[in-house]
Amino acid sequence: MPLTEARPLLVVNCGQLLTLHGPRRLRAGREMAEVGLIRHGALLIRDRMVAMVGPGDRVGRSPDARRAVRLDARGKVVLPGFVDSHTHALFAAPRVEDYVARISGASYSHIARAGGGIRASASRVRSTSERVLTERLRNVARLFLEYGTTTAEVKSGYGLDLVQEMKMLRAIRAAAEGAACELVPTLLVHEIPARYRNKRARFLQLVRQKLIPQAVREGLAEFFDVFCDRGYFSLAETKELLGAAAGAGLKLKLHAEQLARTGAARMAAGLNAVSVDHLDHLSEADIRWLRGTRTIATLLPGSVLHLGSADYPPARRLVDGGVPVALATNFNPGSSPTLNMQVILSLACSQMRMTPAEAVTAATIHGAYAVGRGDQAGSLEVGKQADLAIMDVEDYREIPYFFGMNHCTTVIKKGRVVYRRGLG
Ligand code: NIG
């Protein structure tokens with residue numbers, strides 16, 4: 001539903017316009033608190049890009065502004081669309097039975113050993129067609145927009161074997177085509193399929209020699225990820241897979257230090273991983289070590305909340321230690337059934353003591369870097385994609401403060417109005 005392709009679009013009357021203007025690199029330490037706030041701001045969009053941004057009276061005087069279509073933000077908060085850099089948004093069914101078992105005291109690992117967990121999701125993916133999976137993800141992509149997310153990473157990982165993983169990756173590509181929310185595909189090696197339980201080396205060989213090359217040949221993945229943790233893939237196994245993926249041209253991410261501290265974060269950062277994700281059990285020495293790398297610490301407090309654990313990752317110490325932090329939903333049926341980035345901001349602030357400004361940086365520009373799009377998205381600066389959300393609050397700090405709500409009323413992706421509350 002483009003307002004117009006030919007005429008520029010002028011977003012006026014932005015009570016607070018958060019530009020995230022800053023250096024063209026990851027922000028460290030105090031820089032994470034600088035959100036580039038302009039009061040009474042306006043933004044001019046031309047050819048899908050931000051053409052001008054600044055105080056409303058100045059932007060409004062430009063010749064292009066006079067012939068532009070106007071969108072009135074009504075004094076509300078305007079900020080870059082969220083970039084959700086870690087999701088398992090493609091799955092076939094919820095896992096309510098795991099949830100209920102956990103409420104009764106069973107642990108994540110115990111449920112997995114008893115036949116629930118990732119393998120249960122894999123068996124549901126196996127019995128679901130690629131067409132149905134695609135349709136499910138298309139619906140999820142629409143929901144992302146409604147909550148202000150304009151770019152989301154989506155992992156495979158519930159296929160487990162070659163055929164099913166390729167089916168998931170093809171479904172992600174099909175859903176991404178034509179979706180207004182940009183989807184970034186990651187090939188995830190999540191769990192050993194049951195029939196390879198006693199043939200781990202054979203499975204690793206299959207991944208290295210067949211799965212990675214085929215995914216790369218068909219252009220189905222940008223990133224590669226492994227669930228490196230106690231009871232899943234070991235450090236040595238993970239290193240072998242990451243090496244093969246990097247050699248094939250994939251960028252690296254890693255599930256690290258979620259269930260236990262294994263040393264995975266350091267290992268992946270040493271291989272120039274773009275991000276290490278979770279980090280619930282990161283040590284002080286790990287924080288110091290990460291500081292000297294270019295790897296982003298992506299924190300996923302939704303899973304800590306949902307699993308009922310007390311082990312929130314050490315966000316405050318990471319930020320103070322100069323490590324760039326990103327926030328993501330980890331949307332998945334097992335540990336984090338939410339796609340609402342606004343809730344993640346609330347958890348980051350209330351449970352991990354990030355300030356609202358740091359949380360916004362982590363959910364926008366750092367998310368964009370975590371999906372390899374820091375030059376195109378994540379901030380509202382001239383020459384970048386016009387990806388933005390309007391939130392029905394007057395102070396951006398109300399986004400985490402009023403928790404559990406959806407404040408988003410309007411979303412623009414690449415210069416097009418793709419969502420308006422009440423208009424669908
Ligand atoms: O990031 N930790 C591994 N993967 C997901 C959980 C997946 C699931 O339980 O289905 C996570 O928390």
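What takes up the space of the largest cavity? The ligand does; a cavity is a set of points, on a 1 Å grid over the protein atoms alone, where a 1.4 Å probe fits but cannot get out. A molecule sits in a cavity if more than half of its atoms lie within 2 Å of its grid points. This is a predicted model, in which local features need pLDDT of at least 70 and side-chain atom pairs count only at pLDDT 80 or more, while totals for chains, interfaces and linings use all residues. Residues are numbered from 1 along each chain as its sequence is written, and side-chain values use heavy atoms, with hydrogens and water left out.

**Ligand**

- Tyr108, Tyr158, Gln258, His278 and Ser335 come nearest among the 15 residues around the ligand (a heavy atom within 4 Å).
- Tyr108 has a polar side-chain atom 2.6 Å from an oxygen atom of the ligand (a polar contact is a pair of N or O atoms within 3.5 Å; within protein, one must be able to donate a hydrogen and the other to accept it, and residues adjacent in sequence count only if both atoms are side-chain atoms).
- For Tyr158, a polar side-chain atom also lies 2.6 Å from an oxygen atom of the ligand.
- In the side chain of His190, an N or O atom is 2.8 Å from a nitrogen atom of the ligand.
- On its own the ligand has 330 Å² of accessible area, and the protein covers 100% of it (Shrake-Rupley method, 1.4 Å probe).

**Thr295**

- Thr295 counts as buried because its relative accessibility is 1% (buried means under 20% relative accessible area, with a 1.4 Å probe and protein chains only).
- A polar atom of the Thr295 side chain lies 2.8 Å from the backbone oxygen of Ala273.

How values were computed:
Buried < 20%, exposed > 50% of the residue type's maximum accessible area, 1.4 Å probe, protein only. 1 Å grid on protein atoms, 1.4 Å probe; cavity = no way out; pocket = protein on both sides within 12 Å on 5 of 7 lines; lining within 4 Å.
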